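Morning, everyone. Please have the sequence and the model open side by side while I talk.

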Amino acid sequence: MFSIYYQLLLSTGFWGGLVPENAFNATSLERLLKAGVLGLKSFMCPSGINDFPMTNSSHIKEGLHALAKFKRPLLVHAEVQQELGGELETMNGADNARSYSTYLKTRPSSWEQAAVRELLTVTKDTRNGGPAEGAHLHIVHLADARSSLELIKEAKVSGDSVTVETCPHYLAFSAEEIPDGDTRFKCAPPIRDAENKEKLWKALMDGDIDMLSSDHSPTVPELKLFNDGDFLRAWGGISSLQFVLPVTWSYGLKYGISLNQLASWWSEKPAKLAGQDLKGAIAVGYHADIVVWEPEVEIELDDNHPIYIKHPKISAYMGSKLSGKVLATFVQGNLVFKEGKHAPAACGATILAT
């Protein structure tokens, strides 16, 4: 009960899981959608959680058809496992598991490309006049800025109802910079090379990537295997939620980002994806979900800076110097955070799709 109370300091919506067990059961999916979930989510590779098994294009096609009459999106983690071929020696211990390059070899960009190709065999159903018109497919946390992104761009031109996001860690870090054994940087898809990072930024600035999300992964330190530094066995995910605003701003200054772009990537477009017509803008009649910040003020993420995530040391951003200090946050006009202090009572609401 405490966790629910704490979470609802913010307005909170829920996504339903699309899994093999319910994919071909329209009644089961409709129950979720009628209960008010914002849409569905699925993985095309093992999620790491046994209760959330992976789906294939057949399951996803059924999910899109169920979503069509509700006009809600399907979020997909787009990686499909492929045989590693000559890279199998990595898995046999020939390479050092403490090296990030070893982990990168085990999850190449071809996995993302294969998933996107498979997805695009069913997203044509979402076109105007198609059998799943009204449904929408959203590809979460894209890392590959090469073939995967080109395929998505082509699908958009063809009229498929498709969007894509990336995450701040793919825009801030590159594989070449990750120290041996520093499993804070392990995530899936993996952080790729510096050239790929530059292509992601260009795609974001050009509008080919629609929005950003944190893909926040709040695990416990023990699962990150800090003592071993084993990238192959450590839990994946970047702990980031508190830092995404200053991270995007700080790294984006090099590319000339504007405050309007920042608001579009983090607020306007995610609100539209989730069907939240009264969120994502500062306008008469909209919910007053507002952050007050000083973009010029530098902050250092160290033990002297207030950190509110549960396990600060697992975050890859610790030790960074960033621009942008959050002073206050309002949720539907209610002050929930100001200068290091949080609201004493919950004032968020459960967000239900209608």
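Helices (H or I, at least four residues) and strands (E, at least two) are DSSP runs, numbered from the N terminus. This is a predicted model, so the cut-offs matter: local features need pLDDT of at least 70, side-chain atom pairs count only at pLDDT 80 or more, and totals for chains, interfaces and linings use all residues. Residues are numbered from 1 along each chain as its sequence is written, and side-chain values use heavy atoms, with hydrogens and water left out.

Start with R192. R192 sits in the loop between helix 9 and helix 10. Is R192 buried or exposed? R192 has a relative accessible area of 8%, so R192 is buried. The scale is this: buried is under 20% relative accessible area, exposed is over 50%, and partly exposed is in between, with a 1.4 Å probe and protein chains only. What does R192 touch? Leaving aside residues up to four places away in sequence, R192 touches L104, R107, P108, S109, E112, A143, D144, S174 and A175. Contact here means heavy atoms within 4.5 Å. With E112 there is a side-chain polar contact of 3.0 Å. A polar contact is a pair of N or O atoms within 3.5 Å; within protein, one must be able to donate a hydrogen and the other to accept it, and residues adjacent in sequence count only if both atoms are side-chain atoms.

Six strands form an open, parallel sheet, in the order 2-3-4-5-6-7. Its edges are strand 2 (16-17) and strand 7, each pairing on one side only. Two strands pair if DSSP finds at least two bridges between them. Strand 4 and strand 5 run parallel and share five bridges. P73 stands opposite H136 in strand 5.

Now the helices on that sheet. Helix 4 lies across strand 3, strand 4 and strand 5, at about 155° to strand 4. Helix 8 (residues 147-157) also packs on the sheet. Helix 8 touches strand 5 and strand 6 (162-166), and its direction makes about 150° with that of strand 6. Axes are lines fitted to C-alpha atoms, for helices over the stretch in contact, and angles run from 0 to 180 degrees between N-to-C directions.

Stay with helix 4. At its start, a side-chain oxygen of N56 comes to within 2.9 Å of the backbone nitrogen of S58. The buried residues of helix 4 include I60, L64 and L67. Its buried residues pack against several elements, among them helix 3 (26-34), helix 7 (109-119) and strand 4 (73-77).

There is antiparallel pairing too. Strand 8 (residues 290-300) and strand 9 (residues 321-331) pair that way over eight bridges. E300 has K321 in strand 9 as its bridge partner. Strand 9 also runs antiparallel to strand 10 (residues 334-338), with four bridges. Their hairpin has two residues between the strands, and Q332 takes a positive phi near 50° there.

Last, the rings. How many aromatic pairs does the structure hold? Nine. Rings of Phe, Tyr and Trp (its six-membered ring) pair if their centres lie within 6.5 Å; planes under 30 degrees apart count as stacked, over 60 as edge-to-face and the rest as tilted. Y100 and F231 have centres 5.4 Å apart and planes at 80°, so they are edge-to-face. Y100 and F231 are both buried. F173 and F185 are edge-to-face as well, at 4.9 Å and 80°. Both are buried. Ring pairs link F173, F185, F243 and Y317 into a cluster.
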